[in-house]
Amino acid sequence: MQQIEEWQAYQKTLKEFGVREKFSSTFYRDQRGNHDCFDVFSFDDHGNYYKNYSAVGTNGYQLDINESFGRYSFIATDGCPKYGFARPLNFFGYLDARDMQQLEQRMALAAGANHTFLLNHYPVSTMLYGKYSKSFGELAKGVSVFLCGHLHQLVGGIGAQLQAYKAQDGYWELEIGDMKDHALYRVYAIDNDLVSFVDVTLPLPEIPMHNPEKLGMAVPKQIAHPPVILATNPKDARYLLPRHEPLERIRTSKFIRILVWADQPVQSVSISIDGKLHDAPVTYKGKETAPDPNKSDEKVKVPLWVSPWDPNTYDDGQIHEMVIVATDKAGKTTTQRIPFHLGTDLIPLHNDARGGWIMRQDFPAIFRISNTVTYFLMTVLLVILPRLFVLSLASPSIWVAQRSLEHHKDEARLKHLWAVLVRGDVLNPVSVIKLALTLVGSWSKFLVATQFTAQVYFTTIPWLYWPAYAFCMMLAIAPLFSGRLIPSAGAGGVGSVYVYGIYIAGDWAPLLDSYTYALTSVITLVVLLVYIPVAATPVSVFYSPRVAGSRPWYRSFAVRVLVAVFVVVYLGLPTMMTVYTYGWTSIVFGFGRAWIHDFVEKRREALDLLLVLEDMRAQPGLINWGVPGMYDLPNLQYLDNAWLQPTPYQTLIDGHE
């Protein structure tokens, strides 16, 4: 949840430094993200601290910067859900039709600008876009750069470079890591309508730093910062904008241009190209100007360094590298490497493994399709078809007996192949490979065949099958859970989470989080619907009496522990988290995970007891049931609740072994 003390400390800092008033209120802009709308019923809600304590406090904004050489438009959209649900239903964002109407109007006002920058907390891949008269893709064709955050570089390096060029629409999407955990900030510059940027890590003694006292925070001493270098001409060829930039200006330019910011006077700037020192001198041409004559203390500093060059020397279709080294008076040095060429083709980033692939995905479509496909495959293949197959059989017990004989033959073949492979009777390497492949194929066939038999047998156990069938149906039509989705709103914050959206306050919120929650519930049910039928089917159906006394792999202690861990991690812990956040009603009306967890727990003891009884029956001499063969799990449909008697098809199996 949000902490009002943090917002008060933030507002105090803004006031102390007067950033909201500088340069006619164009100096500083902030924008809210998903953490800023936790537990906020609406934008006008008293709990919307962003509205009350931030610098902007509005639902997006448009900032136009007009200069003698052009106009530059910055449009910020608020992708936060209109209902700010409490965590964890707060990862994805969306713009509805009304938001898209506002975006269209602002894009229309930005028409004719040299560059338009679109700012949104969420990357495009984590957004749902509605439509007014134009889609987001149509509007994005007028955007040069899409600036975003939200993903915080993810974990394990997979988000180290969350950047992607959207070639279809012609803009760059550039995510920036956060200041809190990674101490990152980014500097942009526009030089003759060429957009350049550099990412800088703040040289803190510890990253991340510990939080100071929220309201007793004193302004720290200035951090000794090495020079920050941003080359603007020639531009880094990895980030060209062929549709929006006049790239021919690089070819006709007369100077290399570099911006160097430093907290100490810069002593030297050197340039090397392709490993050779650039022979022309690098001189400082920076200047400071006061946009408002009445505010002489508000000056804009342009720390420009230039060096003459002949671009024709490098107009050979090859990629060149420019290395810039800047040193300040204190001896702090920064080195920047820039790949460039004089063409219009982008140099590939090759960053798919570091975030590029993520930025190019359409996660709304991925989650919707994967959820729908997984659900239908689960329902049809694991629940409905096996039941229809049982209903089509004249005698299910005889069919199971016949399948059991086939499984025994397959098992014997597998044992023979494995014995031959282990004994080393085959010495020819090619034959060994063929034997191994045959063994893998036979084992795969055995697993598939036994799984189908188990699914069929599972449908004949009413106390297991019908609850599973009910869960499958309820996942599609009933709420995954209901509860106080926005606790601060009281009764008005009670809502229901369905697969396809969230219903609250008489309105639908098309939040993609509901699809991810549903997908995890479906996957959980798939695992259980694969494991439980196999575990509930008598071992004698799959294995002959010679090995039936040994415990099969799926009933081993390790597998049972893994299943128990799975139930705890994917059912127990999320259910507890849901209860903690949304209240106990999320269990009472929690058809998604909560009821599945309850179903598993209620039947676990009964199933374990039956498995123990079967294991005891499988050990000769341990217990005498008075009949040959193994004890069979109760088939309530065919046994009329006579639990401790063998089924007719078990007797048939015993007679044929």
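Modeller: Two strands pair if DSSP finds at least two bridges between them. The strands, like the helices, are DSSP runs numbered from the N terminus: a strand is E over at least two residues, a helix H or I over at least four. This is a predicted model, in which local features need pLDDT of at least 70 and side-chain atom pairs count only at pLDDT 80 or more, while totals for chains, interfaces and linings use all residues. Residues are numbered from 1 along each chain as its sequence is written, and side-chain values use heavy atoms, with hydrogens and water left out.

Colleague: How many helices and strands does that give for the protein?

Modeller: The protein has 20 helices and 24 strands.

Colleague: How do you know that β12 and β18 pair?

Modeller: Strand β12 (residues 255–261) and strand β18 (residues 304–308) are joined by 5 bridges, and the rule asks for at least two, so they pair. The sense is antiparallel.

Colleague: Which strands make up the open sheet, and in what order?

Modeller: The sheet has 4 strands in the order β11-β12-β18-β15, with antiparallel pairing.

Colleague: What makes β11 and β15 edge strands?

Modeller: β11 (228–233) and β15 (283–284) each have a single partner strand, so one side of each lacks a neighbour in the sheet.

Colleague: What joins β2 to β1 and to β4?

Modeller: 7 bridges join β2 (residues 70–77) to β1 (residues 61–67), and these two run antiparallel. Gln62 stands opposite Ile75 in β2, and a hairpin of 2 residues connects β1 to β2.

Colleague: Why is Asp30 called buried?

Modeller: Buried means under 20% relative accessible area, exposed over 50% and partly exposed in between, with a 1.4 Å probe and protein chains only. Asp30 has 9% relative accessibility, so it counts as buried. Asp30 is found in the loop between α2 (22–25) and α3 (49–53). By the same rule, 6 of the 8 residues in β2 are buried, as are 48% of the 657 residues in the protein.

Colleague: What does Asp30 touch?

Modeller: Contact means heavy atoms within 4.5 Å. Leaving out residues up to four places away in sequence, Asp30 touches Tyr10, Tyr50, Ser54, Ala55, Val56 and Tyr61. Asp30 and Ser54 are 24 residues apart along the chain, with their C-alpha atoms separated by 7.1 Å.

Colleague: What is noted about phi at Asp39 and Asp193?

Modeller: Most residues other than glycine have a negative phi. Asp39 has phi near 55°, and Asp193 has phi of about 65°. Asp39 is in the loop between α2 and α3, and its relative accessible area of 16% makes it buried. Asp193 lies between β9 (184–191) and β10 (194–201), and it is buried at 12%.

Colleague: Why is the bond from Asn233 to Pro234 called cis?

Modeller: The omega of that bond is near 0°. Most peptide bonds are trans. Pro234 lies in the loop between β11 and α7 (248–252).

Colleague: Which residues touch the most other members of the largest nonpolar core?

Modeller: A nonpolar core is a set of buried Ala, Val, Leu, Ile, Met, Phe, Trp, Tyr and Cys residues joined through side-chain atoms within 4.5 Å. This core has 46 residues, and Phe85, Leu485 and Leu529 touch the most other members. α13 gives the largest share, 11 residues. Beyond four places in sequence, the contacts of Leu529 include Met378, Leu382, Phe458 and Cys472.

Colleague: What makes the second largest pocket a pocket, and what lines it?

Modeller: On a 1 Å grid over the protein atoms alone, a pocket is an open set of points with protein on both sides within 12 Å along at least five of seven lines, whereas a cavity is a set where a 1.4 Å probe fits but cannot get out; lining residues have an atom within 4 Å of a point. The lining has 20 residues, with Pro88, Leu89, Asn90, Phe91 and Asp513 nearest the centre. α13 gives the most, 4 residues.
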